[in-house]
Structure formats: structure tokens, C-alpha cells
Amino acid sequence: MRTLHVLVLTAFLAVACKEKQKEQKPEKQPAEKETVNYLEESEEAFDQRMAWWRDARFGMFIHWGAYAVPAGRYEGKEAKGIGEWIMYNAKIPVDVYEEYAKQFNPTEFDAEAWVSLMKKAGMKYLVITSKHHDGFCLWDSKITDYDIVDFSPYGKDVLKALSDACKAQGIKFGLYHSIMDWHHPDSHADTYAGGEPSENNEARFADYLENYLKPQLKELVNAYDPTILWFDGEWEKEFTHEQGLALYEYVRSLKPEIIINNRVDKGRQGMQGMNRDDSDYAGDFGTPEQEILDGTSDFDWESCMTMNDTWGYKTDDNNWKSSETLIRNLVDVAAKGGNYLLNVGPDALGNIPDASVERLEDIGEWIKVNGEAIYGTESPDTGYKQGENIRFTRKKGTPIYYAVSFEKPGKRIRFDHLKPEEGSEVLLLGYDEPLEWKYTEGEGVTVSVPRKALRAVGSTKAWTFKIKVAENNTSSEQ
Ligand code: FHN
């Protein structure tokens with residue numbers, strides 16, 4: 001009996017002791033969600049996040065939406081300005097403009113074909129308008145019915161199709177998103193569509209930001225996993241620098257590795273696209289528009305350009321830049337250490353204009369032979385140009401330099417600031433045989449270009465020489 005007493009007592013003491021321990025040890029709290037300040041990112045983390053984008057160098061911009069239906073014409077005549085601004089420029093009332101959205105039915109849209117075409121052109125990433133200033137959404141938004149699934153006869157989610165096609169073909173998918181919204185009454189649609197300015201604008205705009213724009217951004221990031229968020233329309237006077245900082249942090253909190261342009265905040269200096277110096281403005285890269293920086297920059301940048309004069313499709317805009325000009329722009333941007341975002345504006349049926357397709361195929365032909373002078377390069381310490389018709393790039397972390405001539409070389413071509421490594425080969429891309437060269441101190445390297453080499457390269461838009469530079473190559477002024 002005694003043993004039984006002892007056993008019962010021991011068991012009782014064990015239970016009491018456990019209970020005591022529980023009281024003493026606080027309940028394990030769920031780990032505090034670590035709060036990250038995305039505006040205080042280390043240089044190393046920033047460089048790691050930007051690495052793929054910097055190496056990519058070349059992307060496709062797509063401006064597409066309800067504005068492709070009027071295609072730059074209103075009441076029987078051409079509306080002035082760029083196609084996607086027709087609602088504002090022609091002072092089209094919101095309800096009249098909505099009729100275009102109701103007619104938007106791109107039955108010939110083929111996401112895989114679009115992505116294959118941009119891949120063939122050598123473009124590594126895509127940025128498409130999820131919502132432009134007109135407020136019409138190209139995805140199935142749960143926040144509004146003013147979108148391609150609920151409001152247009154097409155009824156399918158084009159962003160889903162494109163993000164899937166990009167993933168399948170190894171292309172980075174990015175989204176453009178306009179802060180300014182002419183359709184949303186709290187973003188002053190009335191002002192833009194010729195109505196009366198609304199009251200207490202700041203409060204209404206702040207409400208639009210928190211309860212419309214941010215929930216839509218959350219939808220977009222969660223559903224389509226974009227690698228880039230390309231903001232625009234930040235010039236709205238009610239949109240503040242503080243809201244810009246908060247918007248940047250918000251989007252990074254949705255996807256920390258996402259890359260965001262400087263139009264998320266108020267720092268941009270107009271079409272030149274770079275931030276004011278005296279600033280802590282948010283944004284990972286500057287956005288020169290329809291222009292290229294005059295030189296290099298320590299701040300990442302991407303020059304966005306149209307092939308004609310409009311971003312959104314316009315029937316009457318046939319002012320196309322030549323393929324040669326587009327290729328030279330790509331080389332010039334790369335030599336200065338920037339990215340080139342080249343735009344197409346598909347029509348209302350979902351077709352990319354033939355003139356754009358032609359130029360993309362020309363660029364693709366050139367890049368097939370010369371792409372190594374663009375991708376994964378940086379602006380060389382010996383200077384990015386020689387005269388007006390030669391540009392230089394350098395393969396990152398190597399002594400390999402590329403000299404791209406916009407003019408067809410004669411029998412010889414000289415590069416003033418390059419000294420090839422003793423015994424190394426100098427090549428003309430597209431021709432297999434190494435070229436003869438001679439280095440003269442103070443004059444640089446003279447390369448002989450035999451006729452057979454030029455014949456082998458054929459009718460190209462720019463000639464690329466590949467040179468392994470000696471370690472003691474002296475850097476020099478531009
Ligand atoms: O107003 C827009 C314009 O429609 C177009 O989207 C360009 C492309 O970067 N951004 C704004 C003009 O700066």
C-alpha cells in the first residue's frame with residue numbers, strides 16, 4: 001500500500017511541477033515579423049537586386065489599352081498628341097471614353113507570339129501598361145469592374161497570358177502602372193475630362209492611393225509576379241514625396257526583390273528623367289524619356305523611347321525611326337552604362353504594327369552577331385566614345401572591350417585609347433579570322449580590316465571589334 005501512496009504522490013508532484021513550469025514560461029510568441037526599411041538598403045544588397053536588370057540592358061515597353069480603339073482619331077479627325085492621351089487631349093468625357101473600353105476586343109492577341117518576337121529582337125524584359133492614365137485595367141481586377149475581363153467583350157486577362165508566356169520563354173515580366181487616373185473620381189477624373197476640379201483634392205487623392213491604387217498593386221504583384229514596377233503619372237500635384245517614399249516601401253514589402261523606377265516618387269526632373277541631386281527620393285533607376293543621357297551616370301538609368309512618335313497606337317503616326325537609328329541608340333545607351341526600353345503600341349485587335357515588327361527583326365539580326373557587346377557590359381574606364389561614330393563597352397570584370405563603329409570601316413580603323421594585350425587577337429564580330437593590328441604609344445591601336453572581312457559581315461548597321469586589352473592600358477579622357 002505504501003508503494004502505491006508513493007507512486008500517486010510522485011505522479012501528483014510531477015503534474016504540479018509541469019503546471020508551475022508552464023506558468024513561469026510565457027507562451028511562445030509568434031516571431032515578430034521583422035520590419036525592413038527598404039529605403040535603407042545596403043549597397044551590396046542593392047547591387048545584388050539590380051544585377052540581372054543591369055546585365056539585361058534591353059527591354060520592350062508596351063503601351064496598350066482602350067486608347068487603341070480610337071487610335072488617335074476623335075469625331076472624324078486626328079486628335080493632337082500621343083495616342084494614349086486622347087481622352088485628355090480631346091477632352092473626352094469619362095462616359096464617352098468608356099464606350100471605347102466596351103469596344104476593346106483584341107481577338108488577334110497572341111501572348112506567346114509577342115514574347116517570341118521580343119525574344120528574337122534580343123530583348124530580355126518586358127514592361128506593359130497594367131493601367132495607364134485612362135484608368136482602364138488590363139487584368140481581372142477585384143477592386144473595379146473597369147477592366148478587360150468585366151468591361152470589355154474580350155473578357156480574358158491579358159496580363160495573365162503575358163506573364164505566363166514570359167515565364168515559359170525566360171523573359172522577365174514587368175508592369176507599368178499610372179499613379180494618375182483620369183477615370184477614378186478621387187484622382188480628379190473630372191479635371192482631366194474637362195469637368196470641374198473636385199473639392200478637398202488632397203484628402204480624396206490620399207484615399208484613392210490607400211484604398212484603390214495600393215490594393216490594385218497588391219493584386220498585380222500577387223497574381224503576376226512582376227520583376228519590375230514602372231510607375232508613371234507621379235507629377236499629380238496632390239501626390240507628395242512622403243507618399244512616394246511610402247509607396248516604394250509598400251511595393252517592396254509585397255515583393256522585396258522587385259525593381260522600381262524613380263517615378264514612384266517626386267524626384268524626376270522632367271523628360272531628362274534623373275532625380276534632383278539634393279534628395280532622398282525613392283526609386284532604383286532614372287527614366288530619361290525619348291532621350292539618352294549625354295554621358296554616364298553613377299545612378300542606374302533606363303532610356304525609354306518610341307519607334308515612331310506615339311506610345312499608344314495611332315493610325316496616323318507613321319513617323320518611324322530607322323532600324324539603324326534604333327540600333328545606334330541601343331549601342332549608345334549601353335556604352336553609357338544604361339538600359340534601353342523600346343516601345344511598341346499594339347492596335348485594338350492585338351497586333352503589333354508591321355513597321356515595329358520589321359524593326360524588331362532588324363535589331364534581332366544585328367544582336368544575334370553583336371549582342372555580346374551589349375549584354376553584361378559596363379561603360380569602360382577608357383571612355384564610352386571616340387568622336388561621334390565610335391562607342392565602347394567593356395564586358396564586366398574582364399579585359400574584353402568592344403569598339404562599335406557606326407560607320408563602315410575602311411582598310412584600317414584606329415582606337416585611340418586601347419592597347420591590346422601582347423599577342424592577343426582582335427576580332428570583327430561576324431568574321432572568324434583574327435585581324436592584324438599595330439599598337440603605337442600615344443596613338444592607340446590600328447586594326448587592318450580586309451575586304452573579305454567586311455564581305456563576311458555583310459550589310460550590318462554597326463561594326464563591332466572585340467579587343468582583349470593589356471593590363472597596363474592607360475585610361476584617358478573622352
Ligand atoms: O504621360 C505618359 C505617356 O503617356 C507615356 O506613358 C510616357 C512613357 O514613359 N510617360 C508619360 C509621359 O512622361
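Reader: Which residues do ring pairs link into a cluster?

Author: Glad to start there: Trp-64, Phe-104, Phe-109, Trp-114, Phe-136, Tyr-146 and Phe-151 are joined into a cluster by ring pairs. A word on the model: it is predicted, so local features need pLDDT of at least 70 and side-chain atom pairs count only at pLDDT 80 or more, while totals for chains, interfaces and linings use all residues. Residues are numbered from 1 along each chain as its sequence is written, and side-chain values use heavy atoms, with hydrogens and water left out.

Reader: How is a pair of aromatic rings described?

Author: By the distance of the centres and the angle of the planes. Rings of Phe, Tyr and Trp (its six-membered ring) pair if their centres lie within 6.5 Å; planes under 30 degrees apart count as stacked, over 60 as edge-to-face and the rest as tilted. The whole structure holds 24 aromatic pairs. One of them, Phe-58 with Tyr-340, is stacked, at 6.1 Å centre to centre and 10° between the planes. Phe-58 belongs to strand S1 (residues 58-62) and Tyr-340 to strand S9 (residues 339-344), so the pair ties together parts 282 residues apart in sequence. Strands (E, at least two residues) and helices (H or I, at least four) are DSSP runs, numbered from the N terminus.

Reader: Are Phe-58 and Tyr-340 buried or exposed?

Author: Both Phe-58 and Tyr-340 are buried. Buried means under 20% relative accessible area, exposed over 50%, and partly exposed in between (1.4 Å probe, protein chains only).

Reader: What kind of aromatic pair do Trp-64 and Trp-114 form?

Author: Trp-64 and Trp-114 are edge-to-face, 4.9 Å centre to centre with 65° between the planes. Trp-64 sits in the loop between S1 and strand S2 (73-74) and Trp-114 in helix H5 (residues 111-120), so this pair ties together parts 50 residues apart in sequence. Trp-64 counts as buried because its relative accessibility is 2%.

Reader: Which residues is Trp-85 in contact with, leaving aside its neighbours within four places in sequence?

Author: Contact means heavy atoms within 4.5 Å. For Trp-85, the partners are His-132, His-133, Met-180, Trp-182 and Trp-235. Trp-85 lies in the loop between strand S3 (77-78) and helix H3 (86-89).

Reader: How far is an N or O atom in the side chain of Trp-85 from an oxygen atom of the ligand?

Author: That distance is 2.8 Å. A polar side-chain atom of His-133 is 2.7 Å from a ligand oxygen atom, and one of Asp-232 is 2.6 Å from a ligand nitrogen atom.

Note on methods: Polar contact = N/O pair within 3.5 Å; in protein donor to acceptor, adjacent residues only side chain to side chain.
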